[in-house]
Amino acid sequence: MSSILNIAIIGCGKHASDFHMPSFIRLKKKFNVIGVFDKKITRAKAFSKKHNIKKIYKSTNELLKDDKIDIVDVCSPPKFHFKQILESIIKNKDVMVEKPMVLKSLDLKKIIKINLKLKKKILCLQQQSFRDETFQLLNFMKNNKKGLGKLLKISSKANVRTPKQINNSFTDKNISGGGPLIDQGSHIIGLVANILKYPKIKNMNSSIFVRKPQKSKKLTFNIESAAILNVEFEKRKFFEFETSYSLKKSISEFSIKFFFKNGFISWPNLDYELIKGKKIRKIKKIKIKSFASDNQFSHFYKMIKYKNKPITSLKNSLYIVSLIEKCYQFSKTIKMK
Ligand SMILES: NC(=O)c1ccc[n+]([C@@H]2O[C@H](COP(=O)([O-])OP(=O)(O)OC[C@H]3O[C@@H](n4cnc5c(N)ncnc54)[C@H](O)[C@@H]3O)[C@@H](O)[C@H]2O)c1
């Protein structure tokens, strides 16, 4: 295998174009995108023209037959991830897949079982875990372990604008698997679980807020508009999460606050207060050095080239997928007018 790994992208949407491609170009000594596939040929054509990619495959089958490809980068909507991951590993490709990894825990269990023999590298791109702010937060917690005291509660919010999308990737439940809970929840729950090292769950309850489904020429909206989740982890650590989609530009909150016995720290802005005796200190943060997407792709490169352990293993991904699945299964549904 040469030092540059060849990638084929499945799903030529907004995220692949705005985040994956610029990153692969910055990391051109590690990766080369040689081809793309999109269910809509017009999208594949526009994408390959914009990013100067030579090959457009007519089907995933044709793509997977190409021996030159080392890595399949799955950027299609969530519903298709399971089949596309499975077919790729069976055809001897390593796989990076966008969040949410799959819709059903049973599907991920199947992938894990089949991959026991195949031993392909598979990474769900939990981007928040690769942000510089996250590495700094982890360092801060490690270095201030004694000063901060016990972690008591985590409070988090992801109230964001309804994502821009192609063919209802985020707002048609049949394609997305759900609304902000699965979309934004994959980010926040994934990050909190990573920071707490995937703790056991003692109790949880959730509520989802739904409006009457809408269907017009342009938009299908049959997902929840908002959700609230409360979890009690082992050792009496409490986690609360609220999330919603709004049509207003102005509303955007995406943050986590970790409350300790002797202070708190917030993410991603990394403000903290540490109470020592009667003193309160407040310190502002750091400069961002690298892109989270570059960090995660470089991490995957090292998984393949140097057999580094994944930051998010398949077992970790199963934890995230299962938790979100349980939220949907057991949540109280509140109908809004
Ligand atoms: N990490 C992040 O911050 C982040 C942000 C946005 C999106 N995402 C994830 O990236 C993925 C794609 O999101 P997006 O914003 O690019 O969506 P999008 O709606 O912009 O694009 C989806 C693309 O997939 C294509 N497609 C649909 N079905 C397909 C199939 N069966 N096979 C191949 N292509 C198919 C569509 O034609 C479209 O071009 C989702 O899993 C989403 O959750 C991650």
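Reader: How many bridges pair β14 with β15, and do they run parallel or antiparallel?

Author: Keep in mind that this model is predicted. Strand β14 pairs with strand β15 (residues 272-276) over 3 bridges, in the antiparallel sense. To find your place in that pair, look at F264: its bridge partner in β15 is E273.

Reader: What should I look for in the turn of that hairpin?

Author: The hairpin of β14 and β15 has 4 residues between the strands, and L270 takes a positive phi near 60 degrees there.

Reader: Which strand does β13 join?

Author: Strand β13 (residues 253-260) is joined to β14 (residues 263-267) by 5 bridges, and the two run antiparallel. These two strands also form a hairpin, with 2 residues between them. For a landmark, take F258, whose bridge partner in β14 is I265. As a general idea for reading any such pair, side chains in a regular strand alternate between the two faces of the sheet.

Reader: Now the wider view, please. Into which domains is the chain divided?

Author: Domain 1 covers 5-125, and domain 2 covers 129-292 + 321-335. Their centres, taken over C-alpha atoms, are 26 Å apart. The contact takes 15 residues from domain 1 and 16 residues from domain 2.

Reader: Which elements give two or more residues to the domain 1 side?

Author: Those are α1 (14-26) and α5 (105-118). By residue type, the side of domain 1 that touches domain 2 has 7 nonpolar, 3 polar and 5 charged residues.

Terms used. Residues are numbered from 1 along each chain as its sequence is written. This is a predicted model: local features need pLDDT of at least 70, side-chain atom pairs count only at pLDDT 80 or more; totals for chains, interfaces and linings use all residues. Two strands pair if DSSP finds at least two bridges between them. Domain bounds come from an automatic or database domain assignment. Two residues are in contact if their C-beta atoms, placed from the backbone, lie within 7 Å. Ala, Val, Leu, Ile, Met, Phe, Trp, Tyr, Cys and Pro count as nonpolar, Asp, Glu, Lys and Arg as charged, and the others, Gly among them, as polar.
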